[in-house]
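Please take a moment to look at the sequence and the fold together before reading on. The paragraphs below are meant to be read with the structure in view.

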Amino acid sequence: MGKDVIVACDFSSAEQTLAFLDQFTGRKPFVKIGMELYYAEGPEIVRRLKARGHKIFLDLKLHDIPNTVKKAMAVLSRLDVDITNLHAAGATAMMRAALEGLTRPDGTRPLLIAVTQLTSTDQAALERDLLIREPMDQVVMHYAQTARAAGLDGVVCSPLEAEKVHGACGASFLTVTPGVRFADGDVGDQKRVMTPAQARAAGSDYIVVGRPITAAADPVAAYERCVSEFVG
Ligand code: C5P
């Protein structure tokens, strides 16, 4: 898969999601389904969007003992999503078990990427709550390298980290990057942002864009602008 824009469908119902996607006539954006929509609508929303021809990043961030994650991933593999994810904090055994569970009988599997540290965790929380004393960027790179060594395909990270992740883990290790805003747009609650063009220059493989598209007056135009700035 090449560079693409993934639209974060952060809606709480299938109705809202389908009404939003119905605006895209002829285009089938790559979509991200997160916990809110998945827990509201269950696996059926994945099947419906798949049947409509969308590629899907199922963002459920699994984190449990290896056996549980393996079995859960086996269930998700049958949903035929294109990308799914887990927390690298679950450690190597859990990541390997996840890959095993995700691999279908014919040997194919969705791409599996890791969350390193949540962007909501700052250095103070890292030290105070998690007792991790190293600087955040070292922690993120270490988690990315551990994910790569376990056989994963990439990480979710800030576009500001994409170049460093590629340096540490190789050019083909995927960087899927939220925190993207148009140069003339609202930053909202995102703190460290890049424009689609900057994310492209930084080497992001996929950008995940929510509100700059979903809350735009013209979501289709905002999506097309994102694609032309990021993919070219
Ligand atoms: O609306 P916005 O463009 O900020 O949406 C970004 C999406 O990426 C949301 O679904 C958010 O949960 C997700 N995300 C993020 N930062 C991370 C991981 C995921 O913004 N570190």
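What follows is a walk through the sheet, one of its strands, and a few selected side chains.

The model is predicted, and for that reason local features need pLDDT of at least 70 and side-chain atom pairs count only at pLDDT 80 or more, while totals for chains, interfaces and linings use all residues. Residues are numbered from 1 along each chain as its sequence is written, and side-chain values use heavy atoms, with hydrogens and water left out.

Let us begin with the sheet. A closed barrel of 8 strands runs in the order β1-β2-β3-β4-β5-β6-β7-β8, and the pairing is parallel. Neighbouring strands of this sheet are turned against each other by 25° on average, with direction ignored. The names of these elements come from DSSP runs, numbered from the N terminus, where a helix is a run of H or I of at least four residues and a strand is a run of E of at least two. Two strands are said to pair if DSSP finds at least two bridges between them. In general, strands of a sheet pair through backbone hydrogen bonds, either parallel or antiparallel.

Because 5 of the 5 residues of β4, residues 83-87, are buried, the strand is largely enclosed by the rest of the structure.

The neighbours of β4 can be followed on either hand. Strand β3, residues 56-62, runs parallel to β4 and is joined to it by 3 bridges, and the bridge partner of Phe57 in β4 is Ile83. Together with helix α4, residues 66-77, the strands β3 and β4 make a right-handed β-α-β unit; right-handed means that, with the strands pointing away from the viewer, the path from the first strand over the helix to the second runs clockwise. Strand β5, residues 111-115, also runs parallel to β4, and 5 bridges join the two. The chain passes from β4 through helix α5, residues 91-102, to β5, and this β-α-β crossover is right-handed too. His87 stands opposite Val115 in β5, and Val115 in turn stands opposite Val156 in β6, a strand of residues 154-156 that runs parallel to β5 and is joined to it by 3 bridges.

Asp82 counts as buried because its relative accessibility is 16%. A polar atom of the Asp82 side chain lies 2.8 Å from the backbone nitrogen of Ile56.

Helices also lie across the strands. Helix α8, residues 159-169, lies across β6 and β7 and runs at about 175° to β7, while helix α11, residues 219-230, lies across β1 and β8 and runs at about 145° to β1. These angles run from 0 to 180 degrees between N-to-C directions, taken from axes that are lines fitted to C-alpha atoms, for helices over the stretch in contact, where contact means heavy atoms within 4.5 Å.

Finally, consider the charged side chains. The structure holds 15 salt bridges, each being a side-chain nitrogen of Lys or Arg within 4 Å of a carboxyl oxygen of Asp or Glu. One of them joins Asp59 and Lys61, at 3.0 Å from N to O, and Lys32, Asp59 and Lys61 are linked in a network of salt bridges. Asp59 is buried, with a relative accessible area of 6%, whereas Lys61 is partly exposed at 25%. Within helix α11, Glu229 and Arg225 lie 4 residues apart, about one turn of the helix, and they form a salt bridge whose closest N and O atoms are 3.1 Å apart. In helix α3, residues 43-51, Arg47 and Glu44 are separated by about one helical turn because they are 3 residues apart, and a salt bridge joins this pair, with the closest N and O atoms 3.1 Å apart.

Methods:
Buried means under 20% relative accessible area, exposed over 50%, partly exposed in between (1.4 Å probe, protein chains only). A polar contact is a pair of N or O atoms within 3.5 Å; within protein, one must be able to donate a hydrogen and the other to accept it, and residues adjacent in sequence count only if both atoms are side-chain atoms.
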